[in-house]
Amino acid sequence: MGKIYVFDHPLIQHKVALLRDENTTTKDFRDLAKEIGMLMGYEATRELELKKQTIKTPMCETEVNVLAGEDIAIVPILRAGLGMVDGMLSLVPNAKVGHVGLYRDPETHKPVEYYCKMPQDIDKRKIFIVDPMLATGGSAADAVSLVKEKGGKDITFMCLIAAPEGIKALSEAHPDVDIYIAAKDERLNENAYILPGLGDAGDRLYGTK
């Protein structure tokens, strides 16, 4: 069973509080999403494997730890997931980026796929699927399925806000996937929006309605 990790770091809690505020501007919302993505990525990459390598400092030869060559892919769920990509890339600038396009049918609340493009070597990469909101879990579960169909195996899901319903649905659909959450909220409302939530993440990132 994949692990579920809810962050308790003070900086992340503070930045999530600012994200929630309806008075936060589009620019500040975008900056906060990037910063939280970077802070979450720092923890989510903790288990990357290291190997020993001998180098020469200005003083002498020594043995150091370096990444074992494990390649990373970041896969945002369009469009809101794009807001977390730059933060992750600031940590792992050599990562490749795939894209999954899904939208939620306003009546059924079911995800509908319209785009999926992955790096050719996705099967060899540690994959981080990112999306600000984990509401019903339908889009997240479908995105993971699409990545698996393209050959992805080692998958972690990262989100800013999650409802218990979405966590449960994603965990049951993909028990092999780790889930990293900046804040776990109370529930979904009758329209399948997260409460207290932060509104529509895509609209707030890009200034649309």
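Author: Contact means heavy atoms within 4.5 Å. Leaving aside neighbours within four places in sequence, Asp-200 is in contact with Arg-79 and Tyr-193. This is a predicted model, in which local features need pLDDT of at least 70 and side-chain atom pairs count only at pLDDT 80 or more, while totals for chains, interfaces and linings use all residues. Residues are numbered from 1 along each chain as its sequence is written, and side-chain values use heavy atoms, with hydrogens and water left out.

Reader: Where is the place of Asp-200?

Author: Helices (H or I, at least four residues) and strands (E, at least two) are DSSP runs, numbered from the N terminus. Asp-200 is in the loop between strand E13 (194-195) and helix H6 (201-206).

Reader: Which backbone nitrogen lies 3.0 Å from a polar atom of the side chain of Asp-200?

Author: That backbone nitrogen belongs to Gly-202.

Reader: Is Gly-137 buried or exposed?

Author: Buried means under 20% relative accessible area, exposed over 50%, and partly exposed in between (1.4 Å probe, protein chains only). Gly-137 has 5% relative accessibility and therefore counts as buried. By contrast, Asp-200, with a relative accessible area of 31%, is partly exposed.

Reader: Which residues does Gly-137 touch, not counting residues up to four places away in sequence?

Author: With that exclusion, Gly-137 touches Gly-166 and Ala-169. Gly-137 itself is found in the loop between strand E9 (133-134) and helix H4 (138-149).

Note on methods. A polar contact is a pair of N or O atoms within 3.5 Å; within protein, one must be able to donate a hydrogen and the other to accept it, and residues adjacent in sequence count only if both atoms are side-chain atoms.
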